[in-house]
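Work through the exercises below with the sequence and the model open. Try each task before reading its solution.

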Amino acid sequence: MLSFKQSSKNLFALSAVSLILTACGGGSNQDARQAAVSPAPPMQAAPASDDVMSFVNKRQNYIISRLGSTYVVVDMSGGAAPASVPANIKVLQFADFRVNLTIGDKAKLLSTTALNNLIDLYVAFFNRVPDADGLSYWIDQVTAGMTEAQIAESFYLVALQSPALTGYTSSMSNDDFIRIIYKNVLGRTGSTAPNAAEIDYWSSQLRNGVPKGSMVRAILVSAREYANDATWGWVTSLLNNKLDVANYFAVQQGLSYLTLNDNISKTVALASAVTSTSTSQALDLIGVSGNTLNQNTSGSNGNNSNYGTPASLANICTPNGEKDWVRAHLDDIYLWYRDIINVPKESYFNPQDYFQALIVKSKDRFSFTDTQGSIDDYFQTGADVSFGFSLTRDSGGIRVRYVQPGSPADQAQIKRGATLVSVDNSTIGTYLNDTQYNAVYPSKAETHSFQIRDSGSFSNRAVTMTATTVTTAPVLQNQVLNVNGKKIGYMVFTDHIRTAEAPLVKTITEFKQAGVSELVLDLRYNGGGYLYIANELSAMIAGSKVTDKIFEKLQFNDKHTDLTADNISYFYDTDSNNRPLPQLNLSRVFVLTGSNTCSASESIINGLKPFMQVILIGDTTCGKPYGFIQTNNCKTAYFAIQFAGVNALNQGDFTNGFTPTCQVSDSLNYQLGDQSEPRLSAALKYVSTGSCPAAGFNPAPPPAAFDPVKDREPRPWRNNKLLKVNAEFR
């Protein structure tokens with residue numbers, strides 16, 4: 001649509017009558033005349049009594065959940081058992097509201113623009129938000145072929161029947177008609193009332209034969225052209241806020257009051273409570289919060305959905321209820337929700353399998369589910385039932401990468417590089433079969449026998465261990481190395497969990513007190529975790545040079561542009577208890593990397609790169625610039641990719657991982673912290689010479705094609721980037 005802004009004296013004037021008619025959806029003078037001679041339809045259409053199911057309490061006391069084409073109503077006071085709604089029921093009646101069960105599906109028959117235009121007419125002619133029953137009637141008229149111009153003219157005829165409510169009369173002058181539009185539609189009264197030039201412009205269009213209904217539509221369209229105008233932008237905001245409240249009331253909640261008088265007077269009060277800066281007072285007047293029945297199908301943001309809202313489907317812990325929640329959750333938050341290929345939920349035994357079937361495998365190898373308890377225990381306390389060793393496939397066998405201090409493996413004196421020869425008298429080959437896997441990674445306290453070959457030994461030894469709750473030491477090792485007169489800090493950091501904060505601060509403090517001039521940060525086995533931990537560690541390494549600088553910006557899907565705008569993380573200068581963080585103020589950092597260096601660990605690399613030299617030594621990282629917000633439903637924790645992260649230079653597309661400056665193989669024949677260990681040795685050489693060592697590089701072999709288990713990760717949730725709700729940005 002073409003439009004122009006003449007000046008504040010001629011606000012909202014369009015250039016020609018033909019443009020006004022085009023803005024009304026292709027109508028014409030003939031359309032308007034045809035509508036004018038038709039009886040004016042009612043403003044609301046009450047439901048038939050046999051379509052109604054009644055409840056004794058107010059609407060807010062219930063949760064209404066949609067399960068496919070049926071509904072379940074749960075009394076939150078516990079006064080009655082959950083009620084299944086028969087298929088013939090179209091309306092639920094409560095002590096204060098009727099809920100129209102058809103409005104959500106009907107609204108989806110219209111485009112967002114068409115639905116918004118229809119809602120706008122209620123505001124323009126009656127200065128009220130629509131009730132669901134009345135809006136449902138008018139949607140039916142649109143789908144039956146009635147044009148916007150015809151509907152606008154019909155609204156005008158209805159407005160004439162209620163002059164006390166609307167201000168419109170059949171005898172009013174053209175100038176008075178324009179003043180009422182400016183008042184009802186644009187909120188322009190008092191000092192912002194239209195001037196003589198504005199009124200004369202529009203009055204002249206009426207004198208030239210433009211129908212009054214079409215005039216209102218034209219002014220609405222023109223008003224929205226001023227969204228970012230310094231003087232009149234508030235008018236667009238007011239219209240959009242009224243639109244959002246109307247959408248929430250009539251479409252998302254499907255509400256109508258119980259009497260015609262209330263439906264008029266109370267919806268007028270709702271519209272009057274909206275301002276250009278806030279909808280909160282109007283929402284308070286509605287008094288029905290959360291638990292929306294229908295996903296946002298219009299409103300100023302224009303989002304659409306066919307799967308309901310996660311909030312309305314949450315905690316219905318039946319197989320179908322959980323699957324419906326999964327589909328709604330992914331449609332709402334998943335980064336690639338547009339690429340989901342729908343599959344029949346009936347084909348999957350449980351919601352977890354259905355979740356995996358919906359994930360976009362071509363882009364996403366990370367999303368997962370697990371029991372809520374195991375996730376919460378690990379990320380909050382580091383607690384996990386295990387033997388305390390981390391394993392990998394190496395040199396044709398299953399070998400130990402590292403051991404948690406105090407764990408059953410540590411007490412059995414198992415060290416890095418040891419090979420698991422057998423478990424429970426079953427010889428282990430190049431991979432673990434299912435029985436061996438379950439024995440090596442038990443989910444509860446149980447005892448198993450092993451044959452272990454220690455690194456450098458030619459004989460086996462028998463070990464019997466009982467799995468127990470092992471608390472992870474996220475800073476596995478730290479020491480200050482003296483190399484050619486330089487003090488070099490070395491730290492093995494394995495997990496971005498809540499309990500990592502204190503040992504990280506302690507380690508950096510010790511390094512600062514020791515006067516280290518270089519840092520080797522060993523992240524080769526760090527799969528990620530909380531992003532705020534990565535931020536804190538990065539800030540401690542870089543120091544004052546990153547004060548007030550951006551660490552990472554998170555980008556959510558287009559349904560959540562508000563989250564994208566809000567989630568800009570600056571480098572922290574205090575810990576989560578608001579205590580100052582120690583600062584090393586280094587100009588460069590050496591990071592030891594591998595294929596398990598993932599997610600939040602990669603955020604450290606990416607976040608520091610704009611501000612200091614980051615030298616990578618080892619193997620290519622895993623390539624995960626994405627992250628999750630843990631979402632729980634029915635005791636299952638769901639982790640669907642919700643956002644991508646970029647650094648201060650908007651760099652973040654590292655899906656192929658970060659390539660190391662020096663490619664150096666991992667060797668389990670050396671203990672971590674041993675200066676002869678190849679990756680640490682290469683870093684120390686680079687410190688001294690400024691170049692990589694000449695040693696060759698042998699990447700780990702890929703899993704065998706026939707391998708039924710491959711390198712299955714027993715704790716997939718370690719390889720991630722998590723936002724900790726209410727604690728991430730401060």
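**Exercise 1: a helix and its ends**

Just after helix α9, glycine 209 has a positive phi of about 105°. The model is a predicted one.

Task: Compare the reach of α9 with the expected value, then find what caps its N-terminal end.

Solution.
1. Helix α9 covers residues 196-207, which is twelve residues.
2. From first C-alpha to last, α9 reaches 16 Å, close to the 16 Å expected at 1.5 Å a residue.
3. The cap at the N-terminal end is asparagine 195, with a side-chain oxygen 3.1 Å from the backbone nitrogen of alanine 197.
4. Buried residues in α9 include Glu198, Tyr201, Trp202 and Gln205.

**Exercise 2: a covered strand**

Task: Find which strands pair with β28, and in which sense.

Solution.
1. Strand β21 (residues 550-556) pairs with β28 over four bridges, in the antiparallel sense. Here glutamine 555 is opposite alanine 644.
2. Strand β25 (residues 626-627) is also antiparallel to β28, over two bridges. Here glycine 627 is opposite phenylalanine 643.
3. Both faces of β28 (residues 643-646) are covered: Phe643 and Gly645 are buried on one side, Ala644 and Val646 on the other.

**Exercise 3: nonpolar cores**

Task: In the largest nonpolar core, identify the residues that touch the most other members.

Solution.
1. The largest core has 72 residues, and Leu92, Phe125, Leu135 and Phe177 touch the most other members.
2. Helix α11 (residues 233-252) gives the most to this core, ten residues.
3. Leucine 135 touches, among others, Ile103, Leu115, Tyr122 and Val251.
4. A second, separate core of 45 residues includes Met491, Ile533, Met540 and Phe658.

Notes. Residues are numbered from 1 along each chain as its sequence is written. This is a predicted model: local features need pLDDT of at least 70, side-chain atom pairs count only at pLDDT 80 or more; totals for chains, interfaces and linings use all residues. Side-chain values use heavy atoms; hydrogens and water are left out. The expected span of a helix is 1.5 Å times one less than its number of residues. Buried means under 20% relative accessible area, exposed over 50%, partly exposed in between (1.4 Å probe, protein chains only). A polar contact is a pair of N or O atoms within 3.5 Å; within protein, one must be able to donate a hydrogen and the other to accept it, and residues adjacent in sequence count only if both atoms are side-chain atoms. Two strands pair if DSSP finds at least two bridges between them. A nonpolar core is a set of buried Ala, Val, Leu, Ile, Met, Phe, Trp, Tyr and Cys residues joined through side-chain atoms within 4.5 Å. Contact means heavy atoms within 4.5 Å. Lists of a residue's contacts leave out its neighbours within four places in sequence.
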